[in-house]
Amino acid sequence: MDPAENLRSDIQQALQRKRLTAWQRNFLTDIHSRLERSQGQARLSDQQWKKVFEILGRPSNVIAMPPRTVTNRPPPHRARKSFRLPLGWAGRRLRRLRNLAIGLVVVAAVAVGQQVFDLGREHFQSAPTNVGASQQQEFAVTDGDTIHVVGEAAGTRLVGFNTPEKFSPECEYERQQGERASARLRELVAHGTAQLTKVACACAPGTEGTKKCNHGRYCGTLQIDGKDVGSILISEGLAVPFVCGRISCPPTPRPWCKG
């Protein structure tokens, strides 16, 4: 199920409560309308996401990721006034010497830059890639296998496993197990160090990021204290393995109502 649709459903249920203040009701109604108009692709600020989950009664869903890497930007370049050499034979000779010196400096700089680039490329190729792990991000747990990073338009489907559906279950037992899986994932991230790594989705070429690929969601893996959450949930009976190929997935396993 599309997590944006899940969020709209939660907002609809919240709007039926009588204890909402007028401001809360107007705020949720506006967010719901934006999600409806944009088909779940509306961009909300981090503060708006936090306020939505606070009103929905799930403030503990927001989990901090590792700190963001800060990059110092160089100061703006200031134009320098050109220095004109004196005219005449001496001036022309000085200009030729100056141009020759500049040329030698440029050649040397290019050679050094090429060496640095080659060394950096070798180091990059030999180092493992960890996408998104160094950025400070917060996310909300949508269900047992889906999270929503604050500030991103779409959710992130955790790969390698599948948990019971709590929003569109096939039976009451699946809904109960889906609630347990979601609660267990929140418990894991609340008491450990979470590390989210984005990975490529198993989709046909050219469909990544569209509704034809995983409902427009991202894909990723989530580790808690170095352990994959999918393996933890599977070992506790709250998930089953679900491994996709390079560009497609098998039928989603949902064994909870077949007993």
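Author: Helices (H or I, at least four residues) and strands (E, at least two) are DSSP runs, numbered from the N terminus. By that naming, His215 lies in the loop between S6 and S7. I will come back to that loop.

The mean pLDDT of the chain is 77, and 70% of the residues score at least 70. Among the elements, S5 has the highest mean pLDDT, 97. Strand S1 (residues 63–64) has the lowest, 49. Residues 66–70 stay under 50, with 13 contacts beyond four places in sequence. Residues 120–135 are also below 50, and that stretch has 18 contacts beyond near neighbours in sequence. Where pLDDT is low, the predicted coordinates should not be read in detail.

Now the core. In soluble globular proteins, nonpolar side chains tend to be buried together. Here the largest nonpolar core has 19 residues. Those touching the most other members are Phe139, Leu158, Leu185, Val189, Leu222, Ile224 and Val229. Six elements each supply at least two core residues: strands S2 (138–143), S3 (146–149), S6 (194–199) and S7 (218–224), and helices H5 (172–190) and H6 (229–235). H5 gives the largest share, 4 residues.

A second core of 16 residues is separate; Ile11, Leu20, Leu35 and Phe53 are among its members.

S2 is mostly covered, with 5 of its 6 residues buried. S2 and S3 run antiparallel, joined by 4 bridges. Phe139 has Val149 as its bridge partner in S3. The two strands form a hairpin with 2 residues between them.

Asp145 sits in that connection, the loop between S2 and S3. Is Asp145 buried or exposed? Buried means under 20% relative accessible area. Asp145 has 4% relative accessibility, so it counts as buried. Beyond four places in sequence, Asp145 touches Thr156, Arg157, Leu158, Phe161, Asn162 and Thr163.

Arg157 and Asp145 form a salt bridge, with the closest N and O atoms 3.5 Å apart. Arg157 is in strand S4 (residues 156–158) and Asp145 in the S2–S3 loop, 12 residues apart, so the pair links distant parts of the chain. Both Arg157 and Asp145 are buried. The model has 7 salt bridges in total.

Which residues are linked in a network of salt bridges? Glu170, Glu174 and Arg254 are. In the Glu170–Arg254 bridge, the closest N and O atoms are 3.9 Å apart. Glu170 lies in the loop between strand S5 (160–162) and H5, and Arg254 in the segment after strand S9 (240–242), so this pair ties together parts 84 residues apart in sequence. The side chains of Glu174 and Arg254 meet at 2.9 Å, N to O. Glu174 is in H5 itself and Arg254 in the segment after S9, so this pair ties together parts 80 residues apart. Glu174 has a relative accessible area of 1%, so it is buried. Arg254, at 21%, counts as partly exposed.

Last, the loop promised above. S6 and S7 both supply core residues. Asn214 is in the loop between them. Its phi is near 60°, a positive value in a residue other than glycine. His215 likewise has a positive phi, near 60°. Asn214 counts as partly exposed at 21% relative accessibility. His215 is partly exposed too, with a relative accessible area of 41%.

Notes
Residues are numbered from 1 along each chain as its sequence is written. Side-chain values use heavy atoms; hydrogens and water are left out. A nonpolar core is a set of buried Ala, Val, Leu, Ile, Met, Phe, Trp, Tyr and Cys residues joined through side-chain atoms within 4.5 Å. Buried means under 20% relative accessible area, exposed over 50%, partly exposed in between (1.4 Å probe, protein chains only). A salt bridge is a side-chain nitrogen of Lys or Arg within 4 Å of a carboxyl oxygen of Asp or Glu. Two strands pair if DSSP finds at least two bridges between them. Contact means heavy atoms within 4.5 Å. pLDDT is the predictor's confidence in each residue, from 0 to 100.
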